[in-house]
Amino acid sequence: MESSRVLTLILLSGGLGFGGYCVACALHVWKARIAGSGNHAGASRCTRRLKGIGVALIAGGALTATVGLIVQLFLNREGVLRGEQLTTIRPPETLLVQEVTSAETVRAADWIATFRSPEREAQIEVNELKLENHAAQQRVLRSEPLKPDAEITRHLQEALAEQRHLQMTLSELELEDRRLNRERLRDQLAREKEIGELGEKIGSLESELKQAEADREYQAASLSRLISIRRRDEAVIPDDQYEQLRSEARIAEEEVLRLQESVRAFEAERAKQKHRLHELLTVAEQQSTEYQTRIVGLRERLAAVSQQHESLQRQLDSDLVRAREHRQEQLGQLGIALQQTERELAGLKDSITIRAPRAGRIVYRDPSPQTVKPGEPLLVFSPDAGLRVRLRLPTWEARLLAGAGPVRLQLIEPETEQGKVQQRFIERRFLGSWASSASLPQDRGFALVELSCEPPGDAIRSLAAGDEIAVRMIWLAPLYRNPLVHWGALLAALGACGITTTVVLSRKVESGSHARERLSVHNSTRRGPPPLVSSEDAMLHLLGSQLREAIVRGEVDPSLIAAAEWALDGHRPRAIRLMALGLGEDAEFLQYVENCWKQLSAEEPADEFRGANCGNTNALQQRTAAVLRPIASESLRRRLHFIERQWDELAVSRQRIDEAAAIKASEFMSASAAALRSHGTDRSSRTA
Amino acid sequence: MSSDASLPTDSPVATAAPHHLKSPTGGRQEQFVFAVGVLLSLGLLAAAAYRLYLGSDGDAELMAAARLFLAGVALLSGCRWLSFFVLSFVARVHHRRHAPPDPTHWPLVSIFVPCFNESETIEPALDSLLELDYPRFEVLAVNDGSTDDTLKRARQYEGRHANCTVRVIDKPNGGKWSAHNTAFRRSQGELILCIDADSRLERSSLKHMVRRMCDERVAGVAGQMRVRNRMNLITRLQGLEYLMANGALRLGQGLFGTVLIVPGPIGLFRRSAMEKVYGNYGFTLQDGHDGRMSGPFEGDTFAEDFDLSLAILCHGGRIVYEPEAISRTKAPDRHFALLNQRYRWVRGAIQVLRKFVRRVRQNPRVLSPRLLVWILFTYVPDLFLLPAIYMIGLGFALLLLANGSDLLPLGGWFLAFLLLQSSAGAFFISVHRDDLALLKVLPFYGPYNGLVLNSAWLISVIDEIRGVRMRW
């Protein structure tokens with residue numbers, strides 16, 4: 001049996017047992033006390049029987065529940081764990097483990113382990129180099145330009161060169177033509193402007209000429225008139241004036257001549273310019289015509305060359321398509337070579353690498369992968385749903401287990417044939433969750449329960465080797481869900497109902513007088529004796545007690561008597577009542593009083609009482625009697641009176657005896673003196 | 001006799017030089033155990049606070065509730081024990097630094113020995129009293145209507161002895177309280193020592209207690225109770241309980257002069273304080289009527305010692321604790337007797353507290369703050385919290401076991417409690433100079449408290465609520 005279960009059982013039974021014992025003892029004490037306190041009631045035969053049945057039912061219920069608990073605690077909850085759906089990775093014989101994945105879960109085709117092999121690693125390196133070479137060739141091929149047909153290219157270049165030459169020549173001619181036109185136009189404009197300027201000058205000269213001719217005519221008229229005047233009288237016109245006038249006329253004449261000459265010169269110049277202009281236009285027209293002719297020729301030539309170029313260009317384009325296709329074919333060849341190398345490389349790598357055959361969780365990983373021997377499990381996969389533990393449980397426990405959440409499972413070490421327990425598993429406990437349950441048709445009341453779980457690595461290793469492992473479930477269904485406990489509780493409840501009924505019946509049977517009696521007892525217990533009115537009452541009460549104690553001891557203290565006298569003076573009614581209570585009344589005390597009286601009489605009175613003797617008693621006796629007299633009971637008072645009277649009589653008789661004794665003593669003394677006197681001499685001599 | 005005389009105005013004890021000087025902080029063992037106990041308490045407090053801070057932490061509901069409950073209990077327990085440790089240690093240091101001096105005049109002490117069918121124990125008790133190291137005292141053995149030969153055996157001792165006088169008073173049965181009152185009436189001592197007939201005082205106990213009376217404010221001195229008959233587990237557990245529960249409490253209470261219970265087996269009172277209590281709360285009875293006698297002790301509760309102590313405290317008197325005064329008493333050695341005793345104690349405590357509440361209602365001035373604090377600190381946990389905690393804890397344990405839960409995760413808490421209790425036990429045993437062998441029964445202390453005492457608590461509370469008539 002599992003140790004924890006034994007511990008639980010011991011704890012449970014010990015706790016319940018000790019608790020039950022304590023409760024039973026407490027109930028026993030309680031019952032004894034209730035019986036002693038008179039709180040119990042008489043029970044009839046019927047109620048006793050009913051009570052007995054109730055107790056029996058409670059006991060039966062407790063027994064049933066206990067049996068249920070024991071059965072449940074001792075039920076075998078062992079199941080079987082098998083390595084179904086486990087995938088085990090084992091290293092090949094020729095390879096050594098290099099690296100293992102550290103992931104907990106892997107998808108299909110994920111890398112999980114790598115092995116080592118020098119030959120294959122060399123091949124891998126060669127293939128990797130090839131791969132690099134092919135890749136480089138591809139890059140080179142892609143970077144190279146296309147290669148068209150050289151003849152076509154040459155013709156095309158020639159045509160292109162001629163076309164460019166013609167184009168350039170045409171451009172130059174057109175430029176020259178335009179320049180010629182511009183120069184012609186500019187010269188034409190300059191000439192025409194110059195001609196216009198000459199015309200304007202001629203016009204101004206002609207107007208000056210007209211002015212000069214008018215001036216000349218005027219001068220000539222003036223001169224003629226002057227000459228006529230002079231002719232009529234020379235005296236009238238001086239000579240100098242005449243000469244002046246003549247010179248002016250001559251100057252005017254000369255001016256006219258000069259102007260005429262200038263007009264003619266300018267007109268000649270204008271005509272010349274016009275002629276030149278005409279010549280210029282003519283030359284320009286000729287040159288322009290020549291240029292246009294050449295341009296037309298060039299354009300025709302250029303069109304022919306362009307057609308040739310286009311034809312060549314089409315040939316070149318078709319040739320480039322061909323060249324491109326050729327390069328693509330080359331690249332394709334290289335790609336195929338590359339893929340071939342990659343495949344070879346992947347194949348080589350795959351030969352030293354393991355990939356997950358399917359998605360799942362790695363439930364076991366050898367702690368030292370590099371030292372795993374060929375054939376031993378390196379990695380173990382389990383499906384995502386985990387492994388299954390199958391066990392047989394009562395149906396009601398199986399139902400509860402479905403909602404119990406994760407439960408703990410423990411591996412059971414197998415036994416050898418010699419009966420010894422093998423210590424294979426270090427980690428023995430793990431969690432499992434309810435997965436399914438199905439009732440067993442041939443095993444009524446029981447169900448087959450499947451728990452999904454993740455066993456520890458050691459167990460997985462064993463499972464991967466094909467072993468079966470026994471597993472114990474460390475889970476206990478709530479005891480209060482046990483059907484037997486339910487039955488027990490039901491029986492106990494019935495018993496409790498029965499006992500409650502007996503109690504109710506017993507209470508009804510109780511008489512009202514009994515209840516009143518209990519009530520009165522209860523009230524008297526609660527109320528207690530009447531309280532004192534004040535602290536003075538208590539002190540008076542206590543004073544009575546102390547007085548009694550002093551009398552009992554025979555040590556009546558004068559201060560105590562003084563306090564009693566003071567109390568009686570100050571609080572006489574209360575003092576008498578309360579001191580009497582404290583003093584008490586019993587036969588023994590009367591004897592003590594008598595003894596005390598005797599003792600007081602024998603005592604030497606204190607200073608304050610000295611000389612206060614009155615009669616046959618001393619003052620302390622008298623004061624004690626005076627204090628005792630009012631507070632004493634009737635019997636004590638009588639006794640006190642008797643003692644006093646007896647004491648007086650005794651004192652009187654003692655006095656008489658003393659007097660007689662004194663007389664006798666005096667007589668004796670006188671006789672003795674006489675005798676002494678008679679025998680004085682003899683005695684003195686003997687004494688000497 | 002003045003009625004309004006203040007309690008300890010006329011101290012009969014004059015002081016002289018201190019009688020002994022010791023290390024103020026106690027021995028190394030005591031210091032070590034104190035340090036360990038304080039550290040454990042603080043650790044438990046921190047763990048409890050951390051646990052409460054974490055909350056349920058994803059456990060199952062029942063287990064989470066159990067964990068939180070244990071954390072709460074640990075918090076309370078840590079605080080309580082920490083305060084006990086500190087107060088007790090301070091009390092010890094204070095007591096050693098302010099050691100009471102020897103009085104120049106030893107006052108007359110009256111020792112009350114109420115006897116009821118104590119024929120087997122009265123002689124050793126009187127023998128132990130006659131051997132007391134004290135110059136002048138009187139012993140009043142009150143035979144409370146015994147039906148055996150207690151009176152005859154006690155009479156053998158009657159008379160004058162070397163330093164004491166023994167008087168035997170016979171009276172009809174009226175209860176321990178009336179026997180005390182009878183002795184009070186018959187006594188003359190200015191100090192009154194009440195003991196039980198089955199108690200045996202150590203030789204120097206009386207002197208230790210009288211020294212504490214040098215302080216005029218002190219009206220009562222409680223001594224240390226020890227179990228004499230350590231013959232079985234029950235008595236040993238009681239011996240441990242007297243140290244860990246009663247001793248610890250009284251050390252702390254004594255520091256403030258507020259010892260709530262002067263135990264019946266050894267308690268010294270000042271007569272004037274008792275007279276004042278009698279004057280204020282006393283009842284008049286026809287003395288000797290039905291064997292009852294009025295006085296400072298009252299018979300309306302099961303705990304007349306607690307009643308008297310509380311009444312003295314109500315009137316401003318101080319009651320201190322003297323662990324050097326030791327009374328070896330006989331503890332119940334059977335389960336039934338123990339339950340009976342605890343029934344009386346618990347019911348008595350409840351009765352006295354109810355009476356105290358009535359007195360406070362009548363006169364609120366009797367309630368001083370320190371008295372209220374100590375009553376709350378002592379009786380709220382003892383009468384309500386601890387029984388409730390034990391019962392709830394027991395319910396949790398049963399529920400967890402019934403639920404099939406594993407109790408091992410909670411083992412740490414129990415181990416911590418056990419460690420704390422061990423350190424507390426070692427400390428208080430060391431303080432009281434008792435035998436460390438008592439620690440052997442410590443693992444049973446929890447069940448003893450939780451099951452044995454609580455069962456008595458349960459029936460006594462029920463009876464008190466029902467008002468069942470008192471019966472000794």
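1. In this predicted model, the buried residues of helix α14(A) are A:Leu620, A:Gln621, A:Arg623, A:Thr624, A:Ala625, A:Val627, A:Leu628 and A:Ile631. As background for reading that list, an α-helix has 3.6 residues a turn, so residues three or four places apart point the same way.

2. The length of helix α14 of chain A (residues 619-631) can be checked against its residue count: at 1.5 Å a residue, its 13 residues should span 18 Å, and the end C-alpha atoms are 19 Å apart, which agrees.

3. Helix α4 (residues 150-232) and helix α5 (residues 239-352), both of chain A, have axes that come within 5 Å and cross at roughly 170°. Angles over 145 degrees count as roughly antiparallel, and α4(A) and α5(A) are therefore roughly antiparallel to each other. The residues of the contact of α4(A) with α5(A) divide into 36 nonpolar, 21 polar and 29 charged.

4. Chain A also holds an open sheet of three strands, in the order β3-β5-β6, with antiparallel pairing. In this sheet β3 (96-100) and β6 (353-355) of chain A stand at the edges with a single partner strand each, so one side of each is left without a neighbour in the sheet. Neighbouring strands of the sheet are turned by 25° against each other on average, when direction is ignored.

5. Within that sheet, the pairing of β3(A) with strand β5 (residues 111-116) of chain A is antiparallel and runs over four bridges. For a reader who wishes to locate the pairing in the structure, A:Leu96 stands opposite A:Arg116 in β5(A).

Technical notes:
Residues are numbered from 1 along each chain as its sequence is written. Chains are lettered from A and ligands numbered from 1 in the order in which they are written. This is a predicted model: local features need pLDDT of at least 70, side-chain atom pairs count only at pLDDT 80 or more; totals for chains, interfaces and linings use all residues. Helices (H or I, at least four residues) and strands (E, at least two) are DSSP runs, numbered from the N terminus. The expected span of a helix is 1.5 Å times one less than its number of residues. A residue is buried if 20 or more other C-beta atoms lie within 10 Å of its own, exposed if 12 or fewer, and partly exposed in between; C-beta atoms are placed from the backbone. Axes are lines fitted to C-alpha atoms, for helices over the stretch in contact, and angles run from 0 to 180 degrees between N-to-C directions. Angles under 35 degrees count as roughly parallel, over 145 as roughly antiparallel, 65 to 115 as roughly perpendicular and the rest as oblique. Ala, Val, Leu, Ile, Met, Phe, Trp, Tyr, Cys and Pro count as nonpolar, Asp, Glu, Lys and Arg as charged, and the others, Gly among them, as polar. Two strands pair if DSSP finds at least two bridges between them.
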